[in-house]
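Let's walk through this one together, starting with how the chain folds back on itself and then zooming in on a few residues. Have a look at the model first.

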Amino acid sequence: MIWSEIALICVGAVLVIVALAWVITAVRRRNKEKEYQVDGVKIIDGVRYTRSNDVVDERGNVKISLNKGDHILERGREYLVSKSGDLLPGKYTILSADENTKQVNIRIGGLVREYEHFSSVVLSEGDHISPVSNSIVLR
């Protein structure tokens, strides 16, 4: 065998290994994103999109139990909204963790505002969110 043939075989083998590794990481990333999705929510380029705002079932009962992809925010702790932070940017439904509380105070971007149970909020890249009065669930 000539050295050029050996080099060509080695380069071909390296290209096959690189292509195989790229395919495996793409499949793992896609499966990981599907694992953390709530029904009706699409994650595109690290941003949450939803068409539905339903938090009640067919009978009108509240669906407050935790779903896969829900986030529990502890009172007094600050969370960063970022593609690589604590929460992804996008639209969320605010649920009070205490069933007796109808309104919660939340600090978003340095300003405290009162939000109703089941209200929606859009969080942007770089926002900081911190529940002030109670712990909350973001769906």
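Start with the contact pattern: among contacts in the protein chain between residues at least 6 apart in sequence, 64% join residues at least 24 apart, with a contact meaning heavy atoms within 4.5 Å. Before going further, some housekeeping. This is a predicted model, where local features need pLDDT of at least 70 and side-chain atom pairs count only at pLDDT 80 or more, while totals for chains, interfaces and linings use all residues. Numbering runs from 1 along each chain as its sequence is written, and side-chain values use heavy atoms, with hydrogens and water left out.

How far can you trust it? The mean pLDDT (the predictor's confidence in each residue, from 0 to 100) is 81 for the protein chain, and 74% of its residues reach 70 or more. Confidence is highest in strand β9 (residues 128-131), at a mean of 94, and lowest in strand β2 (residues 47-50), at 64. Where pLDDT is low, the predicted coordinates should not be read in detail.

Along the sequence the pattern reads α-β-β-β-β-β-β-β-β-β-β.

Now for the inside. Of the 139 residues in the protein chain, 27% are buried, where buried means under 20% relative accessible area, exposed over 50% and partly exposed in between (1.4 Å probe, protein chains only). The largest nonpolar core has 15 residues; such a core is a set of buried Ala, Val, Leu, Ile, Met, Phe, Trp, Tyr and Cys residues joined through side-chain atoms within 4.5 Å. Two or more residues each come from β5, β6 (103-108), β8 (120-123) and β10 (136-138), and β6 gives the largest share, three residues. Leu87 and Leu123 are among the core residues with the most contacts inside it. Leaving aside residues up to four places away in sequence, leucine 123 touches partners including Leu87, Ile108, Ile129 and Leu138.

Serine 82 sits in the loop between β4 (79-80) and β5 (90-96), and it counts as buried because its relative accessibility is 10%.

What about charges? Side chains of opposite charge can pair when their charged atoms come close. The count here is one salt bridge, defined as a side-chain nitrogen of Lys or Arg within 4 Å of a carboxyl oxygen of Asp or Glu. Arginine 139 pairs with aspartate 70, their closest N and O atoms 3.1 Å apart. Arginine 139 lies in the segment after β10 and aspartate 70 in the loop between β2 and β3 (71-73), so the pair ties together parts 69 residues apart in sequence. Both arginine 139 and aspartate 70 are buried.

Finally, a stop at one backbone angle. Phenylalanine 118, in the loop between β7 (111-116) and β8, has a phi near 80°, a positive value in a residue other than glycine. Most residues other than glycine have a negative phi. Phenylalanine 118 is partly exposed, since its relative accessible area is 27%.

Key
Helix = DSSP H or I, 4+ residues; strand = E, 2+ residues; numbered from the N terminus.
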